[in-house]
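Please consider the model shown below, beginning with the surroundings of its ligand and then turning to a helix and to the backbone geometry.

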Amino acid sequence: MFAGMDFMDTRRKSTSPRRILLVAAAITVFIIIFKKSPGFGGSSKFSEHEPGVTHVLVTGGAGYIGSHATLRLLRDSYRVTIVDNLSRGNLGAVKVLQDLFPEPGRLQFIYADLGDAAAVDKIFKQNAFDAVMHFAAVAYVGESTAEPLRYYHNITSNTLTLVKAMAAHGVKTLIYSSTCATYGEPDKMPITEDTPQFPINPYGKAKKMAEDIILDFSKTSNMAVMILRYFNVIGSDPDGRLGEAPRPELREQGRISGACFDAARGIIPGLKVRGTDYKTADGTCVRDYIDVTDLIDAHVKALANATPGKVGIYNVGTGKGSSVKEFVEACKKATGVDIKVDYLDRRPGDYAEVFSDPSKIRRELGWSARYNLQESLSIAWKWQKAHRNGYN
Ligand SMILES: NC(=O)c1ccc[n+]([C@@H]2O[C@H](COP(=O)([O-])OP(=O)(O)OC[C@H]3O[C@@H](n4cnc5c(N)ncnc54)[C@H](O)[C@@H]3O)[C@@H](O)[C@H]2O)c1
């Protein structure tokens with residue numbers, strides 16, 4: 001506005017050398033301010049490497065896990081660029097993070113689709129990343145069986161695009177969000193990193209293929225790669241700043257924690273537990289529930305231990321399986337609500353029992369889970385109670 005007023009003045013009156021100088025100065029100030037604003041492709045803090053500062057590209061940073069990762073990275077003095085197409089995440093989470101870290105050069109948000117190779121290349125051209133944490137994905141097992149092509153495109157093909165951009169622009173550290181779904185339904189529990197991977201649904205297959213792309217590429221480059229295979233992620237920021245807020249239309253697809261809380265708040269009439277005839281102690285599926293704060297701690301340790309030319313593959317789970325029935329009981333206790341439960345037939349693509357052997361990540365990265373199921377649900381419930389409509 002200041003520059004505009006000055007410019008209008010110069011058009012009405014005759015131009016004096018003093019006035020020309022003033023206009024030039026104002027335009028210069030405007031350009032400097034504009035260039036420093038987040039998202040501008042020129043020389044902002046994000047576009048240049050800075051000694052002592054690690055700039056991490058967080059794909060899917062508006063999502064549940066990516067937003068928690070961004071919070072931790074910013075708290076630990078990293079510089080973060082989020083790239084997200086907001087197809088599933090929440091701009092509200094990004095706003096929370098921006099309000100917490102408003103200083104220039106801390107956090108920028110770029111709205112882009114990883115399926116758009118030209119846009120991805122431009123982002124890498126305009127920003128000086130030191131590392132990538134690749135969270136962005138569609139991530140529902142049931143949906144993947146109904147829409148397989150969407151999953152292969154969004155997970156496998158987009159990971160290829162991202163790795164190509166990293167290679168082209170010399171970004172040498174990748175932390176990849178993989179999943180225990182890549183193991184399928186192994187005969188032996190617990191699952192170690194050497195358990196053969198035979199995924200049984202398109203989600204797991206798409207993630208396995210993305211892993212293969214990364215692993216094959218890593219053999220030809222000196223990229224530092226960490227592949228983290230998460231088990232079932234629950235919980236939220238213990239200080240109540242972020243939570244899990246899937247879109248209403250995804251609730252039906254959704255994860256058990258979201259459904260439990262929705263039932264406790266009366267948003268849905270009750271819980272639908274799918275499958276009571278699995279070969280498990282109480283007939284319901286057994287999963288390994290890992291707290292999101294613990295999970296992000298594993299990412300930060302993975303980043304700190306990433307070594308050029310080396311690949312680390314780690315399970316991130318507690319090592320303890322809990323049945324769906326146990327989960328529901330813990331949820332009732334956390335919320336204080338006697339949630340109504342309906343028991344239905346199995347859901348296609350689900351497996352009976354999955355829990356991790358986390359000894360490798362403990363031994364090599366010094367990581368261990370701190371939160372148990374009850375604690376995670378109690379923390380998450382506080383945020384859910386305070387944010388009935390998610391981030392809105
Ligand atoms: N939540 C779990 O229990 C779990 C378990 C194992 C692995 N994972 C993996 O963790 C990662 C994060 O999962 P989440 O639970 O936070 O999911 P989420 O849906 O909350 O977040 C994913 C984010 O990625 C974004 N995104 C999706 N497609 C994109 C695209 N083409 N371009 C740009 N952004 C895009 C979405 O808008 C969203 O913000 C995923 O890779 C998922 O497969 C999650």
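Which element gives the most to the shell around the ligand? In this predicted model, that element is α3, with 3 residues. The residues around the ligand number 27, and G60, G63, I65, G89 and A137 come nearest. Two or more residues of the shell are given by each of α3 (64-75), α7 (148-168), β5 (173-179) and β7 (232-234). Sorted by class, the shell holds 12 nonpolar, 12 polar and 3 charged residues.

Helix α10 covers residues 292-305. The buried residues in α10 are V292, T293, L295, I296, A298, H299, A302 and L303. In an α-helix there are 3.6 residues a turn, so residues three or four places apart point the same way.

Most residues other than glycine have a negative phi, and most peptide bonds are trans. The bond from M189 to P190 is cis, with omega near -5 degrees; P190 lies in the loop between β5 and α8 (202-219).

S77 belongs to the loop between α3 and β2 (79-84), and S77 counts as exposed because it has 10 C-beta neighbours inside 10 Å. L86 sits in the loop between β2 and α4 (91-100); with 14 such neighbours inside 10 Å, L86 is therefore partly exposed.

How values were computed
Residues numbered from 1 in each chain as written. Predicted model: local features only at pLDDT ≥ 70, side-chain atom pairs only at ≥ 80, totals over all residues. Near = placed C-beta within 6 Å. Helix = DSSP H or I, 4+ residues; strand = E, 2+ residues; numbered from the N terminus. Nonpolar A, V, L, I, M, F, W, Y, C, P; charged D, E, K, R; others polar. Expected span 1.5 Å × (residues − 1). Buried ≥ 20, exposed ≤ 12 C-beta atoms within 10 Å, placed from the backbone.
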